[in-house]
Amino acid sequence: MTSSITYDDKSVRRFMIASIFWGIVGMLVGVIIATQLSSWRMNGEFWGLVEKLTGGAFKADGISFLTFGRLRPLHTNAVIFAFVGNMMFAGVYYSTQRLCKCRMASDFLSALHFWGWQLIIVAAAVTLPLGFTRGKEYAELIWPINVAVVLIWVVFSVNFLWTLAKRNEPSLYVALWFYISTIVTVAMLYIVNHLSLPTSFTHSYPIFGGLQDGLVQWWYGHNAVAFFLTTPILGIMYYFLPKAANRPVYSYRLSIVHFWSLVFIYIWAGPHHLLNTDLPRWLQMLGMLFSLMLWAPSWGGMLNGLLTLRGAWDKLRTDPVIKFFAAGVTFYGMATFEGPLLSIRAVNALSHYTDWTIGHVHSGALGWNGFMAAGMFYWLAPRLWKTQLWSKALANMHFWVGMVGILLYVVALWCAGIMQGLMLNEVAPGGTTLKYEFLETLESIQVFYILRSVGGTLYLLGFIFCAFNIFMTARSGAAHDETVEVVLLEKKQKDGMRWGEALFNDPLAHIFAAIAFVILWFFLPPHADKACLLIATLLGVKAVRAFKANKERWTNWHERLIENYLPFTVLVFVAVAIGGAVQIIPTLIVKREKNIEGRLQEIYSPLELAGRDIYVTEGCYNCHSQMIRTLVPEVMRYGRSGIADDYSHLGESLFDHPYQWGSKRTGPDIAREGGTLAAGAKYMRVGKRGNDWHFNHFLNPRQTSPGSNMPAYPWLFEKETDVKSLPGKIAAQVSLGVPWPALNKHEITDMVETQAQEIAKSLVDAKVYLPSKPDLQGDALRNHLAKSEVVALIAYLQKLGAYKEVQRKLPPNSLDPDSHRKVTSN
């Protein structure tokens, strides 16, 4: 029985147009923040000029939303979720309907998905520059927006899986496998990493803290790259590249190996973002091992894509679509070679916290995601508007301008990162001091920052060409929804596999048993672990022999599996859930404070907690880390003098919600910025630098650090600290396990007032000057400053690095390791 079906290409057009629009917005913000890194004037002085030109209509002092710390999260979220997200949805909606030979299950859900996703993007574009953030990289959105993201993702998932259930094609093509893995894994990652306890409509604290938060964050952060920026684009590659080349996929068998090995291995690699820290060594080695293993499946996918072009390479000279696809797949291979390389501990010691990592990320984002998007847009536009591409010449110009832009950008950041990493680690003659100050290294790479801005501008220009070309193509044609005749599939011709046959067969029995014993090998004590490794090896040998003895049985099982979308989806979830559980569950089941030995973080005072929230709001974590790695040069540079092992211990950030270890140092690490109680003070601390130094640093960073590119923060001196919200915030932290003492509202207010007045008095005594209020002096100035955000932020900075020494001793004849604990203040 046949039927005429009209595909929903309206949704595809919507998502494609949205992707191009938001892509240009995200890239423009990226160019702006790139210029801010090479010139601090792009944060302040430039906008001061605008204020003069507008006759004061535009107030430069009120542009807190245009600083690097506020705009960088907007850039990353716009590029990831708005540009690549909309591009991914366009590709998924177009290809899924053709691969299933049916229209999307629900037009209402498709429309709800589109408009809901655009509203989420708009909400992010408004809230992030205003400073409403969770302070976690790629996971900054506040909790109401996160709830909306989950709901819209459910809408997309239901619509997609419902379409699979209605399909008129018995077997699921490989592209659909990658789409399924994206839907399942992104849901799992997003929900777990965004679990938060709200304190207001715009603020919440992550339920995880310290090491736990770091592991969950990079389990999410690394795999957001894997399952939002990689697997769906691989699915798009497997559909659109053969279509553009008019050639079949090079190897179906290789695509099977590529898919299952990538999905299983990728999820384990998150800990390589925390190498050379005090993270348990087994977790570091686990992350490094699985990262290196990623070379095989990643390059298998790249080769499968490039070899699909066999016999079609002549089109490379004339067809811009093939140009973009070939270059995009090549960049995928480059990025997935470099990623495992950077996960080697020795290489990571040099690259981490430098621009080398930023260059690596952008080679994937610009080269892989951006070029695959452009190729798909140029292929889709003539079909969606039933016309010819308006200008192949302009598309070719886009390719070459974009290619030059990428190469300038990436090579500049490679050079900047390697140079700065080597300079930071270089020891002066004699071997007892470091040769370069941090600012010297920053000044030495300014030329590369300028080249980066030029490269980014060229890439942006290329996408402006793309937007114009697509616009003119649409104008030259008319919106068109394809109609085809399909043979309707009977229910018994698909999804007939029993759950027992899918989940408890011979191949899976071997695989899951072997994985279980390998996991036990990591956790069991000596001798028992070796026995588990031996059993896992024997199971592996047995599995290989079973496969050789009956290849057809295993092959037939997989062919049957891909005809049944629900068992397939469950197996994908199991494959990705195993790795996440092994990494995260051990850190969650261990009691927190009770099991810490050595250094234990001191609890913040209420004012210091308020200052920490301001630190997060201003996006300071985008430039400053709070993690001294276990590397001699870092301990020499950032640790306290006279303490040989003064790296950051895990217990020092145990109560930090969110953790603030950072991933890039545009400024120095501040994990040891704080100090001890000042003489005669009740709460005020004094660290490496005095309160007046921090005051002047926020007022004019060049005054205290000549050559600094940090922006000034004049609004901190005018805005009052939000004291009213502190009781709710402290109550939330108590619920999360932070051992705050019992405090009522009045006690919190009194503590804030006392500490703020102590700091404000020290500033007045140091004769600080407030340009915005030159007439304020003495008690009037002290009272004004005591209420300001700058004092709360100073209080927080002066607390960083404060900890207690925790030691455990067993009393005579006691078998309880927790029966005695000695605590001494640092």
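This passage describes the overall build of a predicted protein model and then the surroundings of several of its residues. Because the model is predicted, local features are reported at a pLDDT of at least 70 and side-chain atom pairs at pLDDT 80 or more, whereas totals for chains, interfaces and linings use all residues. Residues are numbered from 1 along each chain as its sequence is written, and side-chain values use heavy atoms, with hydrogens and water left out.

The protein chain contains 30 helices and 9 strands, where helices (H or I, at least four residues) and strands (E, at least two) are DSSP runs numbered from the N terminus. Its radius of gyration, taken over C-alpha atoms, is 28 Å, which agrees with the value near 28 Å for a compact globule of 826 residues; the globule rule applied here is 2.2 Å times the number of residues to the power 0.38. Along the principal axes, the C-alpha atoms fill a box of roughly 90 × 80 × 55 Å.

Of the 826 residues, 58% are buried, a class defined by under 20% relative accessible area, with exposed meaning over 50% and partly exposed lying in between (1.4 Å probe, protein chains only). Among contacts (heavy atoms within 4.5 Å) with a separation of 6 or more, 82% are made by residues 24 or more positions apart. The chain exposes about 33,100 Å², of which carbon and sulfur atoms supply 65%, the areas coming from the Shrake-Rupley method with a 1.4 Å probe and, for residues, with only the protein chains shown counted as cover.

The charged side chains comprise 72 positive and 58 negative groups, and the centres of the two sets lie 7 Å apart. In this count Lys and Arg are positive and Asp and Glu negative, with His and the chain ends not counted, and each charge is placed at NZ of Lys, CZ of Arg, CG of Asp or CD of Glu. The domain assignment gives domain 1 (499-590) and domain 2 (599-805), with bounds that come from an automatic or database assignment; the centres of domain 1 and domain 2, taken over C-alpha atoms, are separated by 49 Å.

At the residue level, N348 is located in helix α13 (residues 345-351) and counts as buried because its relative accessibility is 5%. Not counting residues up to four places away in sequence, N348 touches H272, L275, N276, L342 and R629. The C-alpha atoms of N348 and P271 are 12 Å apart in space, although 77 residues separate the pair in sequence. N276, one of the residues touched by N348, is in the loop between α9 (252-266) and α10 (281-293); N276 is buried at 4% relative accessibility and has a phi near 65°, a positive value in a residue other than glycine.

A positive phi, near 50°, is also found for K386, which lies in the loop between α14 (355-384) and α15 (392-425) and counts as exposed at 61% relative accessibility. The peptide bond from H657 to P658 is cis, with omega near 0°, and P658 belongs to the loop between α24 (632-638) and β6 (676-677).

V155, in helix α5 (residues 143-165), has a relative accessibility of 13% and therefore counts as buried. Leaving aside neighbours within four places in sequence, V155 is in contact with L109, L112 and H113. V155 and V447 are 292 residues apart in sequence, and their C-alpha atoms are 47 Å apart in space.
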